[in-house]
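Please consider the following structure with care. The questions and answers below take up several of its features in turn.

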Amino acid sequence: MACARGGRMLFEDVSFALGPSDAALVTGPNGVGKSSLIRIAAGLLPPAAGMVESTGSRALLAETAALDGEVTLAQATGFWARIDGSPDAAMPALERVGLAHLAPVPVRFLSTGQRRRAAMARVAASDARIWLLDEPATGLDAAAVTTLEALIAGHRAQGGIVLAATHQPIAMPGAIAIELAA
Ligand SMILES: Nc1ncnc2c1ncn2[C@@H]1O[C@H](COP(=O)(O)OP(=O)(O)OP(=O)(O)O)[C@@H](O)[C@H]1O
């Protein structure tokens with residue numbers, strides 16, 4: 001596939017296929033098109049050439065968490081879990097990212113890293129087969145990165161697929177490397 005934004009070609013001839021339990025890691029300098037590739041994979045941005053084929057539901061971790069700041073963390077993640085058809089998955093997902101103790105706290109009081117972990121809980125609660133993660137480690141401390149790596153490994157162990165764009169090292173054993181060059 002190819003990607004153009006603002007009339008400028010960002011990349012051409014990027015091609016990959018991911019099957020059950022597979023993962024790919026997208027890397028490259030600022031502005032090269034990593035987020036754009038994730039958005040294309042999510043179906044939010046049309047490719048300039050080529051196509052995306054996927055079977056199975058997709059969950060997107062984008063730059064913004066899209067969690068309502070005015071309600072509690074439990075309500076905000078529960079809202080999305082209900083929409084995603086897995087209403088009971090919100091609390092276990094908060095536990096997995098180490099945020100269960102903050103469930104009654106309004107989202108607007110969460111720190112940057114806690115918001116990122118909450119957004120990851122939303123993905124984990126979604127029951128989607130394909131995880132599309134744009135900079136999932138941004139703002140996370142070392143322990144939270146380890147938790148993120150465990151979540152990704154657990155998802156893949158159950159046949160899930162992960163496509164992640166990152167500047168920070170994330171351990172994803174056996175992941176395909178997609179290096180976008182400026
Ligand atoms: N809506 C848009 N219209 C025009 N150009 C855009 C739009 N969104 C992004 N771009 C441009 O596309 C290019 C790629 O952006 P993208 O966010 O995909 O890069 P990235 O590799 O994820 O960067 P970073 O490492 O900084 O997150 C940038 O030059 C950006 O300015």
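Q: Is alanine 103 buried, partly exposed or exposed?
A: The model is predicted, local features need pLDDT of at least 70, side-chain atom pairs count only at pLDDT 80 or more, and totals for chains, interfaces and linings use all residues. Residues are numbered from 1 along each chain as its sequence is written. A residue is buried if 20 or more other C-beta atoms, placed from the backbone, lie within 10 Å of its own, exposed if 12 or fewer, and partly exposed in between. Alanine 103 has 17 other C-beta atoms within 10 Å, and therefore it is partly exposed.

Q: Which residues is alanine 103 in contact with, leaving aside its neighbours within four places in sequence?
A: Alanine 103 lies in the loop between helix 3 and helix 4; helices are DSSP runs of H or I with at least four residues, numbered from the N terminus. Two residues are in contact if their C-beta atoms, placed from the backbone, lie within 7 Å. With neighbours within four places in sequence left aside, the contacts of alanine 103 are Thr72, Leu73, Ala74, Met91 and Leu94.

Q: Which helices do the buried residues of helix 2 pack against?
A: Helix 2 covers residues 73-83, and its buried residues are Leu73, Ala76, Thr77, Gly78, Trp80 and Ala81. These buried residues pack against helix 3 (90-96) and helix 4 (112-125).

Q: How are helix 4 and helix 5 oriented to each other?
A: Axes are lines fitted to C-alpha atoms, for helices over the stretch in contact, and angles run from 0 to 180 degrees between N-to-C directions. Helix 4 and helix 5 (residues 142-157) pack at an angle of about 10°, with their axes 12 Å apart. Angles under 35 degrees count as roughly parallel, over 145 as roughly antiparallel, 65 to 115 as roughly perpendicular and the rest as oblique. Helix 4 and helix 5 are therefore roughly parallel.

Q: Which helix provides the largest share of the shell around the ligand?
A: A residue is near a molecule if its C-beta atom, placed from the backbone, lies within 6 Å of it. Among the residues around the ligand are Gly33, Lys34, Ser35 and Ser36. The largest share of this shell, three residues, comes from helix 1 (residues 34-42).

Note on methods:
Helices (H or I, at least four residues) and strands (E, at least two) are DSSP runs, numbered from the N terminus.
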